[in-house]
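Open your viewer and get ready to select residues. This short tour goes stop by stop.

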Amino acid sequence: MVLLDAWMPGISGYDVCRALKRNSHKRDRPVIIFTAATQKIDEERARESGADGFVTKPFRREQIIELIESFRDVRAPTVPEP
């Protein structure tokens, strides 16, 4: 699982998410984007970037735990042994 802030120094979380989802070794990992922006367009941008979850700040601890637990059964693909 990857937790990203939407706005980081030098790059956006949306760009990082797009790069992860294009990578065949990482695309199955759930990505959750956090942001202080509360406009509907911000959530749409997160979804368009491939994010699996979106949370606005400030958030409640229980909200994050519930979202993370919803991905509990998502496992990274196993790499076959040589």
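Helices here are DSSP runs of at least four residues, strands are runs of at least two, and both are numbered from the N terminus. Keep in mind that this is a predicted model.

**Stop 1: a loop.** Find strand S5 (53-56) and helix H3 (61-70). Select Lys-57, which sits in the loop between them. Is Lys-57 buried, partly exposed or exposed? Its relative accessibility is 32%.

**Stop 2: around Lys-57.** Set aside the neighbours within four places in sequence. Lys-57 is then in contact with Asp-5, Phe-34, Thr-35 and Ala-36. Show the side chains of Lys-57 and Asp-5: a polar contact of 2.5 Å joins them. Next, pick the C-alpha atoms of Lys-57 and Phe-34. They lie 6.8 Å apart in space, while the two residues are 23 apart in sequence.

**Stop 3: the largest core.** Now select Leu-4, Ala-6, Tyr-14, Cys-17, Leu-20, Val-31, Ile-33, Ala-46, Ala-51 and Phe-54. These 10 residues form the largest nonpolar core. Which elements give two or more residues to this core? They are helix H1 (13-22) and strand S4 (31-35). H1 gives the most, with 3 residues. In soluble globular proteins, nonpolar side chains tend to be buried together.

**Stop 4: Leu-20.** End on this member of the largest core. Beyond four places in sequence, Leu-20 is in contact with Val-2, Lys-26, Arg-27 and Val-31.

Methods:
Residues numbered from 1 in each chain as written. Predicted model: local features only at pLDDT ≥ 70, side-chain atom pairs only at ≥ 80, totals over all residues. Heavy atoms only, no water. Core = buried A, V, L, I, M, F, W, Y, C linked by side-chain atoms within 4.5 Å. Buried < 20%, exposed > 50% of the residue type's maximum accessible area, 1.4 Å probe, protein only. Contact = heavy atoms within 4.5 Å. Polar contact = N/O pair within 3.5 Å; in protein donor to acceptor, adjacent residues only side chain to side chain.
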